[in-house]
Amino acid sequence: MDENDRGERPALTLQLTIDCADPARLMPFWAEALRYVPEPPPEGYASWRAYWLAAGVPEEELGDPSDGLAESLVDPEGVGPRVWFQQVPEPKTGKNRVHLDLKVGGGRGVPLGVRRARVDGEVARLTALGATVLRTMDEPHGTGYYAVVLQDPEGNEFCVV
């Protein structure tokens, strides 16, 4: 009898998938941005390429053998979701319908000046890695909201809050 036969909910994990033209370009950016690491290949395989070849994926579907990159990133602490970079042929054409918020400010319980300094410091780090600032969101009427909207090297929007 499996979990579903007993009326229990199956285990759930979350994977974030980022469509992109060039995973080899985007993975290093997001590894640094998220403080993640490339996912190691499955046990018993020296590389992801070796794993996929053993699984029967044709070599011509595996891309450049010299890139040496994994296809996903993982949280080294094992807490955050796996991030998979899916190569797609079409470029990004519109605004994201889902985006990431990198929360470094500490929340509304932290004084606005401290949150602003934390966010601005992270924005400086990310722009040095290749992000582009789109706009700063500073909520009017003194409520103290502060965030910066950026784009990754392929134009995917995300926020630093």
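Glu 157 lies in strand 8; helices (H or I, at least four residues) and strands (E, at least two) are DSSP runs, numbered from the N terminus. The model is predicted: local features need pLDDT of at least 70, side-chain atom pairs count only at pLDDT 80 or more, and totals for chains, interfaces and linings use all residues. Residues are numbered from 1 along each chain as its sequence is written, and side-chain values use heavy atoms, with hydrogens and water left out.

Glu 157 is buried, at 15% relative accessible area. Buried means under 20% relative accessible area, exposed over 50%, and partly exposed in between (1.4 Å probe, protein chains only). Beyond its neighbours within four places in sequence, Glu 157 contacts Lys 92, Gly 94, Lys 95, Asn 96, His 99, Leu 100, Leu 134, Leu 150 and Gln 151. Contact means heavy atoms within 4.5 Å.

The side chains of Glu 157 and Lys 92 form a salt bridge, with an N to O distance of 3.4 Å. A salt bridge is a side-chain nitrogen of Lys or Arg within 4 Å of a carboxyl oxygen of Asp or Glu. This pair links distant parts of the chain: Glu 157 sits in strand 8 and Lys 92 in the loop between strand 4 and strand 5 (100-102), 65 residues apart. Lys 92 is partly exposed, at 33% relative accessibility.

The whole structure holds six salt bridges. One of them joins Glu 122 to Arg 35, with the closest N and O atoms 3.2 Å apart. Glu 122 belongs to helix 3, and Arg 35 to the loop between helix 1 and strand 2 (37-38); the two are 87 residues apart. Glu 122 is buried, at 6% relative accessibility. Another salt bridge connects the side chains of Asp 138 and Arg 116 (3.0 Å, N to O). Asp 138 is in strand 6 (residues 132-138) and Arg 116 in helix 3, 22 residues apart. Asp 138 is partly exposed at 40%, and Arg 116 is partly exposed at 27%. Through shared partners, salt bridges join Arg 35, Glu 122 and Arg 125 into one network.

The largest nonpolar core has 25 residues. Such a core is a set of buried Ala, Val, Leu, Ile, Met, Phe, Trp, Tyr and Cys residues joined through side-chain atoms within 4.5 Å. Trp 30, Leu 73, Phe 85, Leu 126, Phe 158 and Val 160 have the most contacts inside it. Helix 1 gives the largest share of this core, seven residues. Not counting residues up to four places away in sequence, Leu 126 touches Phe 29, Ala 33, Leu 102, Ala 131, Phe 158 and Val 160.
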